[in-house]
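Good morning, colleagues. Please keep the structure in view as I speak.

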Amino acid sequence: MDFDTFKEDLAKAVKDRLELIFDRKYSVETHTVEKMNQSYEALVVKPEDGVIGVNIGIDAAFKEYSDGRSFDMIVRQIASSAEHALDNHPAFDLEALTDYSQMKGKLAMEVVSAERNAELLETVPHKNMEDMAIVYRIVLDLSSEGRSSILVTNKMLDNYGITAEQLHADAMSIAPEVRPAVIQGLSEVMAEMMGAEQAEMLGLGPKADEPIFVATVEDKTQGAGILAYQDFMDQAAEKLGGDGSFIILLKQGKP
């Protein structure tokens, strides 16, 4: 079975399974998801009586199928993942998304490769910065489990009735408050990632003479956006004390 056939068969099988188990009508369609720095093939799953849908990536599923995993097991896994995502999506006011006065206070910035994202950048407001580009996101939900956000598009900008220049100015003011820069020593960051017990065994933690620092944001997701902050270099210089230490820009999570 080739990938195109796999996608179509999978969409139908997932739809049938969800409707059988939950006694509810679903829309399940295949779609190429274009994101910053990557694109992937997905199933878009949405209850027909609902307004929220979820994207479930299927590239890895096709590889598993090609490696011998049964099609039925893949259908079961994806149907389960879709229902779990639908049940646990963050609550937000869809109507509020159309009101810039409400969304302005949730603005964040992301710094991406201009070359790798050239096609997608044609559809979103952005500002060039050397060989990078600043794009803008609306952060809908922040929690210990992660972050939900929406990339601001040219169409959204038109609906808001604002210019790209105003969006940039607002983001420069608000983003550092929504997602403040965090600069930590590498040993401290590694200790957080490993957990207290293992970090103690390895002797990891804050060091007075730390030579390497990590710059990111609080949720450790798309932290390179701090490069666009007006006062970031001042913060970095103050943290490092002008002693010749290095900074590593940490960008974690899916783009």
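Among contacts in the protein chain (heavy atoms within 4.5 Å) between residues at least 6 apart in sequence, 61% join residues at least 24 apart. This is a predicted model, in which local features need pLDDT of at least 70 and side-chain atom pairs count only at pLDDT 80 or more, while totals for chains, interfaces and linings use all residues. Residues are numbered from 1 along each chain as its sequence is written, and side-chain values use heavy atoms, leaving out hydrogens and water.

The protein chain has 10 helices and 10 strands; these are DSSP runs, H or I of at least four residues for helices and E of at least two for strands, numbered from the N terminus. Of its 255 residues, 40% count as buried, meaning under 20% relative accessible area, with exposed over 50% and partly exposed in between (1.4 Å probe, protein chains only).

Let us turn to the first site. Lys239 lies in helix α10, residues 232-240. With a relative accessible area of 44%, Lys239 is partly exposed. Leaving aside residues up to four places away in sequence, Lys239 touches Ile183 and Phe213. Phe213 is 26 residues from Lys239 along the chain, and their C-alpha atoms are separated by 9.1 Å.

Is Leu20 buried or exposed? Leu20 is exposed, because its relative accessible area is 73%.
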